[in-house]
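Colleague: I would like to learn how to read a model of this kind. Please take me through it one feature at a time.

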Amino acid sequence: ASSFYTASLDKSIRLWREDRHVATYRDHHDWIRSLGISGDGRTLVSGCVSSNIFLWDTETGKTTCRTQSMFGLDDKVGGRKVGAAAGGPFSTSFEYSVNSVDFFATNPNVFV
């Protein structure tokens, strides 16, 4: 049976088989903007607007790894103000939003 994943503004990922919803993955705390599936189908990667990237085990639906958000980078890095907090020209709030993720074609353990 063919399956596919969808992501939505409700911060969830849904697994579908044919036309039937079969599972919901929840761990994101912000809108999910991108999804990618490894070539072997065992790992899903997702990215959201708060700069978090999650890796999921597709068999269990559990998060196996996640990055830490860059949210707050505007306020300080190493105790000094940077970005918009320092009067700079940019803000990291949306600049580092994860808009696209996918697995490297020749290695299912690497994503870009």
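Modeller: We will go through strands, salt bridges and cores.
Modeller: This is a predicted model, so local features need pLDDT of at least 70 and side-chain atom pairs count only at pLDDT 80 or more, while totals for chains, interfaces and linings use all residues. Residues are numbered from 1 along each chain as its sequence is written, and side-chain values use heavy atoms, with hydrogens and water left out.

Colleague: How many bridges join strand 1 to strand 2?
Modeller: First the terms: strands (E, at least two residues) are DSSP runs numbered from the N terminus, and two strands pair if DSSP finds at least two bridges between them. Here strand 1 (residues 3–7) and strand 2 run antiparallel, joined by five bridges. Phe4 stands opposite Trp16 of strand 2. Four residues lie between the strands of this hairpin, where Lys11 has a positive phi near 70°.

Colleague: In which sense do strand 2 and strand 3 pair?
Modeller: Strand 3 (residues 20–26) pairs with strand 2 in the antiparallel sense, over six bridges. Arg14 has Thr24 in strand 3 as its bridge partner. The hairpin of strand 2 and strand 3 has two residues between the strands, and Glu18 in the turn takes a positive phi of about 60°.

Colleague: Which side chain meets Arg14 in a salt bridge?
Modeller: A salt bridge is a side-chain nitrogen of Lys or Arg within 4 Å of a carboxyl oxygen of Asp or Glu. The structure holds two salt bridges. In one of them, the side chain of Arg14 meets that of Asp10 at 3.1 Å, N to O. In another, the closest N and O atoms of Asp40 and Arg42 are 3.5 Å apart.

Colleague: Is Arg42 buried or exposed?
Modeller: Buried means under 20% relative accessible area, exposed over 50%, and partly exposed in between (1.4 Å probe, protein chains only). Arg42 has a relative accessible area of 55%, so it counts as exposed. Asp40 is partly exposed because its value is 41%.

Colleague: Which residues make up the largest nonpolar core?
Modeller: In soluble globular proteins, nonpolar side chains tend to be buried together. A nonpolar core is a set of buried Ala, Val, Leu, Ile, Met, Phe, Trp, Tyr and Cys residues joined through side-chain atoms within 4.5 Å. The largest one here has seven residues: Ile13, Leu15, Tyr25, Ile32, Leu44, Phe54 and Trp56. Strand 2 (12–17) and strand 6 (53–57) are the elements that give two or more residues to this core. A second, separate core of five residues includes Val45, Ile53, Val101 and Phe103.
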